[in-house]
Amino acid sequence: MGSSNAFGWAATDTSGHLSPFHFSRRENEADDVTLKILFCGVCHSDLHTIKNDWGFTTYPVVPGHEIVGIVTKVGSNVTKFKEGDRVGVGVIVDSCKECECCQQDLENYCPRTVYTYNSPYKGTRTQGGYSDFVVVHQRFVLRFPDNLPLDAGAPLLCAGITVYSPMKYYGMTEPGKHLGVAGLGGLGHVAIKFGKAFGLKVTVISGSPNKEAEAIHTLGADSFLLSSDPEKMKAAMGTMDYIISTISAVHPLAPLLGLLKLNGKLVNVGLPSKPLQLPIFPLVGGRKLIGGSNFGGLKETQEMLDFCAKHNITANIELIKMDEINTAIERLSKSDVKYRFVIDVANSFSSSNM
Amino acid sequence: MEHPRKAFGWAARDASGILSPFNFSRRETGDKDVTFKVLYCGICHSDLHMLKNEWGNSTYPLVPGHEIVGIVTEVGSKVEKFKVGDKVGVGCMVQSCRNCQNCAHDLENYCPQMVLTYGAKNVDDTITYGGYSDFMVADEHFVIRIPDALPLDCAAPLLCAGITVYSPMIYFGLNKPGLHLGVVGLGGLGHMAVKFAKAFGMEVSVISSSPGKKNEAIEHLGADSFVLSTDQHQMKAAMGTLDGIIDTVSAVHPLVPLIGLLKSHGKIIMVGAPEKPLELPVFPLIMGRKLVAGSCIGGIKETQEMIDFAAKHGVKPHIEVIPIDYVNTAMERLLKADVKYRFVIDIGNTLKPSS
């Protein structure tokens, strides 16, 4: 690699503390697009990674996979993008591009996906969007529609697609049906917006009573169900067609399964670090299912961005500067954010930081 | 007597589950009823669970049996689909509300007011008695026609075991030629899943903890391969190879290795119902977009479809026909899974009222 041409903030150990970090990025090759990063969303996965919660972090790691910016250079094979284009990069930056999954635009399920950060790649490791620029294969770059704001749109690149993809795949889009959204954070708040855009009735399921007002008045949910109230949970049994669970803590599945109607579908997009307990009787007795989903392929992510542009769906964000990131991470660990931090990268990195 | 007609069968009087001759009564043939002489009744593992009150909801005396076939002897004045002499069967249910969304969509099996063929409270407040008996009276809607191509003794187990695996295979799309299906557990349900899967043109692997079942699975049931679930190497080699799994095991068992056998977007369908929760690792579900689902028997329309399919494609259970006197021994053997693969009681020839 050449001399350190890139600058970002990295975690260097399991404390997860982020600090300035010089590193190198590869040259822009024929199929690549280089983008100057303007904004980057802070995803809970960033927090899990910097603290090595999942056990596969290699330090130093620059997190960030909700990246938006402006194209500064394109390779000779690139036809879809040109300098000045508003673009985004999400959770992955490469895949094998040949297997059945890749051929079906499901790069996210390719056994050889390369994640935007913390993945081995071309002899080094990928580093993410808490940095000044990134070089990405054109297939993994997304066009940002003109009327979608870059800052509030950044979280769509992970949070957005993570709920949009399973809602489509599991058929949770029939107007008039009843969607439950369990957990009200980055993923949950976007799920409400998609649910309403699909014409669903949306109920937020949460253990925090103080989230009710926001859920209904700010986010547009139709109702709120306090999961810690046994009577309310009982009254709501068998009322929901679908549930998206964004809860990443270990939690009981039986109450959520009980909320589903016959043929109901519970989709888990949260990543608890330990297995959950699955009671089988409710599945058998009601032909219910529990499934998982992992963000989405590039074609579908583009579709999702275009859908959001059309329906004016963006994330509710709190914009921060890069040097506020450690405080933000701490607040995120306590779920103290409505509902996504987004780093104003371009305005954080003045020449004095380099 | 609660009902006007004398009936005779074998019942258990308590949770020992021991069956013995029992006199009881059935209703007269109502306008919409079909009455039939019972010729055969399959023994389902559910019968054993109910006899011993393992689910905590058994009422005694209990006359089990919900894989019942016979010949029509009488039909009510409003019955349109059947006549005397027809070969018919009744499965796991004899009534439902006929009004709700589920009933309207031919999903009577999920109706909250569905009445089970035995051990349940019927709409007239009496308890239902099942097919270990001389005749049955059932609402026409819940009676299945048995095609001529299907021998009656073989038809019996299809009414529960058959539909229990057929329904989810259809609903979850595990019925397409070329797909690779895993079947966990090789008993009454499991062997039917293998046969239906072959009839659908699928590749079939049997997954079992009993090495002795390999030969049977491949030579006699037509499975393409066998994976010994206790063998780490075999399980590892089979990872990511299955489009779907039908899991018939009702004992508590680990899901993790089975989820690993699925390809991405794979589905595991539980048709056995372990009474304790199973550990569910969420990572593999998410990383592979896999799902775990359940299914419970099937609606009447689909049960008829299944019977017709079985008749057309020669899908027949492997059965051991027994006289009624053997039933307690059969239950002991069933408990040890010592049957290939369904006992069927020859009611017509061996059930005689005690003098």
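1. In this predicted model, helix 3 and helix 9 of chain B are in contact, with B:A155, B:L158, B:L159, B:G162, B:I163, B:Y166, B:S167 and B:I170 on the helix 3 side, and B:E302, B:T303, B:E305, B:M306, B:I307, B:F309 and B:A310 on the helix 9 side. By residue class, this contact divides into 10 nonpolar, three polar and two charged residues.

2. The geometry of that pair can be stated as follows: the axes of helix 3 and helix 9 (residues 300–313) of chain B come within 9 Å and cross at roughly 105°. Since angles of 65 to 115 degrees count as roughly perpendicular, helix 3 of chain B is therefore described as roughly perpendicular to helix 9 of chain B.

3. Helix 3 of chain B (residues 152–171) also lies across strands from both chains, namely strand 16 (260–268) of chain A together with strand 10 (180–184), strand 13 (242–247) and strand 14 (262–270) of chain B. Relative to strand 13 of chain B, helix 3 of chain B runs at about 150°.

4. Which strands make up the open sheet, and in what order? The sheet has 12 strands with mixed pairing, in the order 14(A)-13(A)-12(A)-15(A)-16(A)-18(A)-16(B)-14(B)-13(B)-10(B)-11(B)-12(B). Its edge strands are strand 14 (223–226) of chain A and strand 12 (225–228) of chain B, each of which pairs on one side only, and the twist from one strand to the next averages 20°.

5. Within this sheet, strand 12 (residues 178–182) and strand 13 (residues 201–206) of chain A run parallel and are joined by five bridges; for A:H178, the bridge partner in strand 13 of chain A is A:K201.

6. Antiparallel pairing can be followed through strand 5 of chain A (residues 86–89), which pairs with strand 4 (residues 67–74) of chain A over four bridges, A:I70 standing opposite A:R86. Strand 5 of chain A is also paired in the antiparallel sense with strand 11 (residues 142–143) of chain A, here over two bridges, and in this pairing A:V87 stands opposite A:R143.

7. For chain A as a whole, the secondary structure comes to 12 helices and 20 strands, and the C-alpha trace spans about 65 × 40 × 35 Å along its principal axes. The radius of gyration is 20 Å, which agrees with the value near 20 Å for a compact globule of 354 residues. Of the residues in chain A, 59% count as buried, and among its contacts with a separation of 6 or more, 67% are between residues 24 or more positions apart.

8. Two cis peptide bonds deserve a look in the viewer. One joins A:Y59 and A:P60, with omega about 0°, and A:P60 is found in the loop between helix 1 (44–50) and strand 4 of chain A. Another joins B:K340 and B:Y341, with omega about -15°, where B:Y341 is placed in the loop between helix 10 (327–335) and strand 18 (342–346) of chain B.

9. Positive phi values at residues that are not glycine can be checked in chain A. A:S335, with phi of about 55°, lies in the loop between helix 11 (325–333) and strand 20 (340–343) of chain A.

Terms used. Residues numbered from 1 in each chain as written. Chains lettered and ligands numbered in written order. Predicted model: local features only at pLDDT ≥ 70, side-chain atom pairs only at ≥ 80, totals over all residues. Heavy atoms only, no water. Pairing = 2+ DSSP bridges. Axes fitted to C-alpha atoms, helices over the stretch in contact; angles between N-to-C directions. Contact = heavy atoms within 4.5 Å. Parallel < 35°, antiparallel > 145°, perpendicular 65-115°, else oblique. Nonpolar A, V, L, I, M, F, W, Y, C, P; charged D, E, K, R; others polar. Rg over C-alpha atoms; globule rule 2.2 N^0.38 Å. Buried < 20%, exposed > 50% of the residue type's maximum accessible area, 1.4 Å probe, protein only.
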